Amino acid sequence: MFREILEDCPVIAAVRDEESLKRSFQSESRIIFVLYGDVCSIPEITERIKAHGKTAMIHLDMVGGLDSREIAVDYIRRFTKADGIISTKTAQIRRAKELGLYTVFRFFLLDSRSAETIRKQCQLICPDCMEILPGVATKVIARITKHQHIPVIAGGLIADREDVMAALQAGATSISTTKSELWFI
């Protein structure tokens, strides 16, 4: 199900504040990455996203008051209407899968060893998809997508339409961006 939504959503709206959240409701993006909030506001934020018929993905590393343990995933499942989580932590991805939430495993490309780490970790925990940052590393994205059987999202440093098209042509299923002007291309 998530894979189908993702394949139908070449540009994902990533929101960092209330203003960008409101703007995302006007976009065609069916998925919203929430990159802000705290334990008090996240339930209401996800409820509003769901009221607009969109898929709510919460980036656990960016929600104030949640820590890096699995209990943060339990909180999201129990007290919000979120469809899934985004995290850099394997334990959180594993727990979210156990609870039936969609999972986006986020990776930062730092060096040539990062690609091998990505492969091993994805085989170990089987996330629904991965997000590679920076999204403008198209040669590396092409190499990774050639050997992965899960969707790849390119995120970070996507500045314009050319970056979007280059990432998609390199094999990314979607891109995520906080640049709201790109949500409407």
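Which helices and strands cover the buried residues of H3? Hold that thought while you set up.

**Before you start.** This is a predicted model, in which local features need pLDDT of at least 70, side-chain atom pairs count only at pLDDT 80 or more, and totals for chains, interfaces and linings use all residues. Residues are numbered from 1 along each chain as its sequence is written, and side-chain values use heavy atoms, with hydrogens and water left out.

**Stop 1: the barrel.** Show the strands. Eight of them close into a barrel, in the order S1-S2-S3-S4-S5-S6-S7-S8, with parallel pairing. The twist averages 25° from one strand to the next. Strands pair if DSSP finds at least two bridges between them.

**Stop 2: S5 and S6.** Select 102-108 and 129-133. These strands, S5 and S6, pair in parallel over five bridges. Pick Phe108: its bridge partner in S6 is Leu133.

**Stop 3: helix H3.** Select residues 42-51. Ile42, Ile45, Thr46, Arg48 and Ile49 are buried (under 20% relative accessible area, 1.4 Å probe, protein chains only). Look down the axis: the buried residues fall within an arc of 160°, so they line one face of H3. That arc is taken from the directions from the helix axis to the C-beta atoms. Back to the opening question: the cover includes helix H2 (18-24), strand S2 (31-34), strand S3 (55-59) and helix H4 (71-79). After H3 comes Gly53, with a positive phi near 75°.

**Stop 4: Met57.** Stay with S3, where Met57 sits. Met57 is buried, with a relative accessible area of 0%. Leaving out residues up to four places away in sequence, it touches residues including Phe2, Ile32, Val34, Ile85 and Tyr102. Contact means heavy atoms within 4.5 Å. Val104 is 47 residues away along the chain, yet the two C-alpha atoms are separated by 8.4 Å.

**Stop 5: the largest pocket.** S6 and strand S8 (174-177) each give two or more residues to the lining.

Methods. Buried < 20%, exposed > 50% of the residue type's maximum accessible area, 1.4 Å probe, protein only. Helix = DSSP H or I, 4+ residues; strand = E, 2+ residues; numbered from the N terminus. Axes fitted to C-alpha atoms, helices over the stretch in contact; angles between N-to-C directions.
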